[in-house]
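Good morning, and thank you for joining this meeting.

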Amino acid sequence: MFDFVKANELFNKPLLELLYRAQTVHRQNFDITKMQLCTLLSIQTGGCPEDCAYCAQSKRNKNRPPMERITDLDEIIKSAREAKEMGASRFCLGASGRKPGAELLDLVCKAIIEIKKLGLKACCCMGTLNEDEVVRLKSSGLDYYNHNIDTSPEYYKNIITTRTIEERMKTLALCQRHGIKICTGGILGIGESNKDRINMLLKLKSLDKDPELITINKLVKIPGTPLEDAPEIEAFDLVRFLALARIMFPQSYLKLSAGRETMSDELQALCFFAGVNSIFVGKKLLTVNNSRYTDDLALLKKLGFSKD
Ligand code: SF4
């Protein structure tokens, strides 16, 4: 059982002690030479009615792009095929917006069936879901639903006011109840404290079952958003946080998602040592640039990783 006192004590251990513990847990549960590669395709971009302070697509972004959609199933399948050729084992479809409309849900369900035929795991991210939508996604073969809680319950209102953290937890719980694996986490460097970071992990720990994947983003500052000048997260705080996440969620994949392209190879290697075993590859992560694919492959090769 983890509570704030225990998690905080771990977080503040001497760094090498914390890393040793995280690495021990990692080795007990995973092959530490494997890295999971995922690819994301944004099928609905921009024009979001939500007000997430960090997001380029949010209504709080002064330069918000208008909504654009991919409506062609063949285009999605082509991207999934390319992702597979790049070595990805998972393909995620992302859509901006509060919740999926009927048209988007239809398209995603058809795409899931085709993605699975390629031998890829299918993931999607479309905001809040009701039970009928969860059931439809499950019957189409969806493996993972991505829905982040973003930050701690206490800090949440500073970042989003248009939907509550409990609404997000409800969608996650619904997915779990219907046997869809969940991929959830948050974003660091949005002005939150280490206490908030720990409390976010404790909130995720309160789900009936640990998420199969914890996804952690480092803020990519977007000009025009309220967080364009947010203070940088201290590198060792990031590493400590990831090590704590690895210890608290021993059997979950731990993904270092947006923000990797702003990190040195050495910092990324330290994050992998702390327990990260999943990354996004490809040119773009929704609206922000991702680390370049060739750089990623070169780094993984240098560090002796193979694809999971
Ligand atoms: S994070 Fe998602 S829900 Fe929030 S503004 Fe961006 S696209 Fe909309």
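Predicted model: local features only at pLDDT ≥ 70, side-chain atom pairs only at ≥ 80, totals over all residues.

Cys-38 is buried, with a relative accessible area of 2%; buried means under 20%, exposed over 50%, and partly exposed in between, with a 1.4 Å probe and protein chains only. Residues are numbered from 1 along each chain as its sequence is written, and side-chain values use heavy atoms, with hydrogens and water left out.

How many disulfides does a search of the whole structure find? The search finds zero, a disulfide being a pair of cysteine sulfur atoms within 2.5 Å. Cys-38 is in no disulfide, and the nearest cysteine sulfur, that of Cys-123, is 6.4 Å away. Cys-123 is itself buried, at 3% relative accessibility. Its closest cysteine sulfur belongs to Cys-92 and lies 5.0 Å away, which is too far for a bond.

Let us turn to the aromatic rings. The structure holds two aromatic pairs, where rings of Phe, Tyr and Trp (its six-membered ring) pair if their centres lie within 6.5 Å; planes under 30 degrees apart count as stacked, over 60 as edge-to-face and the rest as tilted. The centres of Phe-272 and Phe-305 are 5.5 Å apart and their planes stand at 85°, so this pair is edge-to-face. Phe-272 is buried, with a relative accessible area of 4%, and Phe-305 also counts as buried, at 18%.
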